Amino acid sequence: MDGKRVFVTGGAKGIGAAIVTAFCNVGARVAFCDTDEKAASRLCDLLPTFVQFFQADGDPEALQKVINRLFNMWGDIDVIVNNVGISEFSPLVETSIEQFNKVLSTNLRPVFITSRALAIHRNNEEGKQRYGRIINIASTRYLQSEPGSECYAASKGGIVSLTHALALSFSDYNITVNSISPGWIQNEDYRLLKRSDHNQHPSGRVGRPSDIASACLFLAAPENDFINGQNIVIDGGMTKKMIYE
């Protein structure tokens with residue numbers, strides 16, 4: 001990935017920070033956006049190479065401005081990782097329409113905005129020949145739910161569906177589009193987990209942000225161009241586990 005230009009949304013903490021770090025560690029030029037300026041500053045201080053931070057959320061104008069600045073600064077973007085997301089859970093009778101719209105606007109809409117921007121930028125004969133990758137972070141909640149998870153489940157299910165639609169729309173570009181659906185990924189202190197937490201998983205442990213970052217590197221590799229329109233579940237085998245109560 002030496003010299004590849006990578007843009008990550010929601011990159012200041014958790015899975016996003018692991019993705020930013022992983023691409024920096026393999027020589028990519030990385031930019032990321034987030035709303036948490038303090039966390040972003042701490043991450044930048046830890047990274048071995050220069051990384052560009054933009055304070056922005058899923059607002060269409062703000063996100064489009066960031067992308068335009070990157071096009072002006074870099075000339076192009078090779079890899080986009082759409083990671084930004086919020087989770088709000090509440091009983092259905094207490095969930096407002098405004099809350100539903102907020103989650104979808106934050107989690108789902110940026111995938112369309114960034115992908116559309118790259119398609120427009122590359123919409124010429126030379127641009128369509130250049131290497132590119134779009135990787136969208138969904139969730140195993142796209143096919144499994146708990147009560148009160150309507151907003152989050154709808155947004156992540158939308159990401160999975162949007163992924164295969166985009167893969168077809170990019171079929172005459174040299175750009176693949178895939179999604180990753182993480183299961184339980186422990187973003188906080190891993191030492192707080194109990195043995196029973198790990199034992200739930202067929203793989204014998206709870207996931208780490210680095211598990212998702214590694215998959216992003218794999219999908220971004222230039223030689224992996226035959227994986228396209230797919231949703232890769234990374235959950236330690238939990239979605240394959242039959243559970244009877």
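This is a predicted model: local features need pLDDT of at least 70, side-chain atom pairs count only at pLDDT 80 or more; totals for chains, interfaces and linings use all residues.
**Stop 1: two helices**

Start with helix α1, residues 14-25, and helix α8, residues 209-220. Two packed helices are described by the angle between their axes and the distance between the axes. Here the axes come within 8 Å and cross at roughly 45 degrees. What is the hand of the crossing of α1 and α8? The crossing is right-handed.

Stay on α1 and select glycine 14. Its relative accessible area is 24%, so glycine 14 is partly exposed.

**Stop 2: helix α6**

Move to helix α6, residues 150-169. Select cysteine 151, which sits in this helix. Is cysteine 151 buried or exposed? Its relative accessibility is 3%, so cysteine 151 counts as buried. Draw a distance from cysteine 151 to threonine 21. The pair is 130 residues apart in sequence and 29 Å apart in space, C-alpha to C-alpha.

Next select tyrosine 152, also in α6. The cut-off for buried is under 20% relative accessible area. Tyrosine 152 has 14%, so this residue is buried. Which separation in space goes with the 49 residues between tyrosine 152 and valine 103? The C-alpha to C-alpha distance is 6.7 Å.

**Stop 3: salt bridges**

Side chains of opposite charge can pair when their charged atoms come close. How many salt bridges does the structure hold? There are eleven. Some of them follow.

Select lysine 102 and glutamate 88. Their side chains meet in a salt bridge, 2.9 Å from N to O. This pair links distant parts of the chain, 14 residues apart. Lysine 102 belongs to helix α4, residues 97-107, while glutamate 88 is in the loop between β4 (79-82) and α4. With 44% relative accessibility, lysine 102 counts as partly exposed.

Now take aspartate 172 and lysine 128. Their salt bridge spans 3.1 Å, N to O. Two loops are joined here, with the partners 44 residues apart. Aspartate 172 lies in the loop between α6 and β6 (175-182). Lysine 128 lies in the loop between α5 (109-121) and β5 (132-137). Aspartate 172 has a relative accessible area of 45%, so it is partly exposed.

Then select glutamate 146 and arginine 141. The closest N and O atoms of this salt bridge are 2.8 Å apart. Glutamate 146 has a relative accessible area of 48% and is partly exposed. Arginine 141, at 24%, also counts as partly exposed.

Finish this stop with a group selection: Asp76, Arg122, Glu126 and Arg130. Salt bridges with shared partners join these residues into one network.

**Stop 4: a nonpolar patch**

Switch to a surface view. Which residues form a nonpolar patch there? Select Tyr142, Leu143 and Val233. Together they have about 230 Å² of accessible area.

Zoom in on valine 233, in strand β7, residues 231-234. Its relative accessibility is 31%, so valine 233 counts as partly exposed. Patch residues need over 30% relative accessible area.

Definitions and conventions
Residues are numbered from 1 along each chain as its sequence is written. Side-chain values use heavy atoms; hydrogens and water are left out. Patches are made of residues with over 30% relative accessible area and no salt bridge: like charges are joined within 9 Å, nonpolar side chains (Val, Leu, Ile, Met, Phe, Trp, Tyr) within 5 Å. Accessible areas come from the Shrake-Rupley method with a 1.4 Å probe; for residues, only the protein chains shown count as cover. A salt bridge is a side-chain nitrogen of Lys or Arg within 4 Å of a carboxyl oxygen of Asp or Glu. Helices (H or I, at least four residues) and strands (E, at least two) are DSSP runs, numbered from the N terminus. Buried means under 20% relative accessible area, exposed over 50%, partly exposed in between (1.4 Å probe, protein chains only). Axes are lines fitted to C-alpha atoms, for helices over the stretch in contact, and angles run from 0 to 180 degrees between N-to-C directions. A crossing is left-handed if the near helix is turned anticlockwise from the far one by less than a right angle, and right-handed if clockwise.
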